[in-house]
Amino acid sequence: MKCEPRQRLNVVMRVFILSVLIFLLYRDSDAKITGNCANCHTMHNSQNSSVMADYGADGTPWKRTGPYKLLVRGDCLGCHGMGGANKIITISGSDIPQVYHTDSTGDLAGGNFAYILGAKGSGASDTKGHNVIDLGNIDDVLTDAPGRFHSPMAKNTELTCAGNNGCHGSRSFNASGSGLNSLKGAHHQNVDGRCDIADQNHNSYRFLRGVKGFENNGAYKWQNYNADNHNEYYGDSIPMSGDMCSNCHIPPVMTVAPANKTISGFCATCHGNYHLLAGIGGDINAPFTRHPTDVVLPASGEYAAYTTYSPQTPVGRRAVPSSMGNTVTPGTDVVTCLSCHAAHGTDYPDILKWDYSAMVAGGGGAAAAEGCFTCHTQKK
């Protein structure tokens, strides 16, 4: 049958539209959680006359206090904190990042809760991480968020992985509460890689509601492995300022999220005095009252020498990139909270990524190539 020109055009357009839809479907499906439903869910929290439980790498039940909401087999750490010897485990073909493990090869980009309890590192200490109550160990050092903008904040008896009193998922004044319920649907809709919208849990960076960024989705997924393989953080040229309520509580459902959508703005929702414009001194010019974040790394002086990306001391980008970059551009790239800290835990006090006591101005030695001296190059 011979097609007229208009008919041929219609056919071409239909094929084009179908191809685009297939591409979009394939791209999104690659990011969503896969595997047997039974890996994560249980219908009645019972099997063979026993309560269902998540098991660690050594076969020991990690949690057995269900049933849990969303019909899942365990809480957040029941899946992501099994306490085994690997920072990434595989169950039925699905890779699962671990935030509580004893892997000697290193940690994931977010750090490791194991340092708090002493399962890894130089000894247990509540100063080494965000001491979420999911660990079963209440923080004996802090009772509230340091640098809090107002009270009450999440107390040491309330801080959780997710929800109103945590970091991941929805934080709002509604029925979401704390824990798994606040993450409903996020794993199944997960946007992997470039998260440049961040208006829902599933399309926000690492399910941190309202945060933009690029998630390392390559061979070293979830890791800041080297200059070519790492997460990309989103930053701004000036910290949030003005009325804290309007900066954090986003209508229409009053969800707590950073208005500027940066990772440092997210930290400021609990540690506001450390990261708001007023807290660092009222402007973006030195000298500062507190170490600044969401400010541009100067393109002059000692800072101009930081040009090769350091996974230990990462910078933020003022536009969410579509891939990982191995260079730093002073005058453009941004200092963030994660330039110095890891969110879950490290082997150093205050969740720093390096030993602050080893930062000796003019001291040289091994520490001269890391930590503070990555940016402050003339002081090493």
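Me: Which residue's side chain does the side chain of Arg206 join in a polar contact?

Reply: Happy to start there, and please keep in mind that this is a predicted model. The partner is Asn231: its side chain and that of Arg206 make a polar contact of 2.9 Å. Arg206 sits in the loop between strand 5 and strand 6.

Me: Is Arg206 buried or exposed?

Reply: The label buried is used for residues with under 20% relative accessible area. Arg206 has 18% relative accessibility, so it counts as buried. Once neighbours within four places in sequence are set aside, Arg206 is in contact with His168, Glu215, Asn216, Trp222 and Asn231. Asn231, then, is both a contact and the polar partner you asked about.

Me: Over the face of which residue does Arg206 lie?

Reply: That residue is Tyr205, and Arg206 is 5.4 Å from the ring centre.

Me: How many aromatic pairs does the structure hold?

Reply: There are 2 aromatic pairs in the structure.

Me: Are Tyr205 and Tyr233 buried or exposed?

Reply: Tyr205 is buried, with a relative accessible area of 4%. Tyr233 also counts as buried, at 4% relative accessibility.

Me: Why is the pair of Tyr220 and Tyr225 called stacked?

Reply: Look at the angle: planes under 30 degrees apart count as stacked. The planes of Tyr220 and Tyr225 are at 10 degrees, with the ring centres 3.7 Å apart, so this pair is stacked. Tyr220 is partly exposed, with a relative accessible area of 29%, and Tyr225 is partly exposed too, at 43% relative accessibility.

Me: Now I would like to look at backbone angles. Which value does phi of Phe207 take?

Reply: First the background: most residues other than glycine have a negative phi, and most peptide bonds are trans. Phe207 has a positive phi, near 60 degrees. Phe207 lies in the loop between strand 5 and strand 6 and is buried, with a relative accessible area of 12%. Leu71 has a positive phi near 60 degrees as well. Leu71 is in the loop between strand 2 (61-63) and helix 2 (76-80), and it is partly exposed at 42%.

Me: Which peptide bond is cis?

Reply: The bond from Ala286 to Pro287 is cis, with omega near 5 degrees. You will find Pro287 in the loop between helix 8 (277-280) and strand 10 (295-296).

Me: How do strand 3 and strand 4 run?

Reply: They run antiparallel, and 4 bridges join strand 3 (residues 88-91) to strand 4 (residues 94-97). Ile88, for example, stands opposite Pro97 in strand 4. The two strands form a hairpin with 2 residues between them, and Ser92 in the turn has a positive phi of about 50 degrees.

Me: Where is Asp192, and with which side chain does it make a polar contact?

Reply: Asp192 is in the loop between helix 4 (186-189) and strand 5 (194-195). A polar contact of 3.0 Å joins its side chain to that of Lys221. Asp192 is buried, with a relative accessible area of 17%.

Me: To finish, how many helices and strands does the chain have, and what share of its residues is buried?

Reply: The chain has 8 helices and 12 strands. Of its 380 residues, 44% are buried. The accessible surface of the chain is about 19,100 Å², and carbon and sulfur atoms account for 56% of that. Among contacts with a separation of 6 or more, 48% are between residues 24 or more positions apart.

Definitions and conventions. Residues are numbered from 1 along each chain as its sequence is written. This is a predicted model: local features need pLDDT of at least 70, side-chain atom pairs count only at pLDDT 80 or more; totals for chains, interfaces and linings use all residues. Side-chain values use heavy atoms; hydrogens and water are left out. Two strands pair if DSSP finds at least two bridges between them. Buried means under 20% relative accessible area, exposed over 50%, partly exposed in between (1.4 Å probe, protein chains only). Contact means heavy atoms within 4.5 Å. Accessible areas come from the Shrake-Rupley method with a 1.4 Å probe; for residues, only the protein chains shown count as cover. A polar contact is a pair of N or O atoms within 3.5 Å; within protein, one must be able to donate a hydrogen and the other to accept it, and residues adjacent in sequence count only if both atoms are side-chain atoms. Rings of Phe, Tyr and Trp (its six-membered ring) pair if their centres lie within 6.5 Å; planes under 30 degrees apart count as stacked, over 60 as edge-to-face and the rest as tilted. A charge sits over a ring if NZ of Lys or CZ of Arg is within 6 Å of the ring centre and within 35 degrees of the ring normal.
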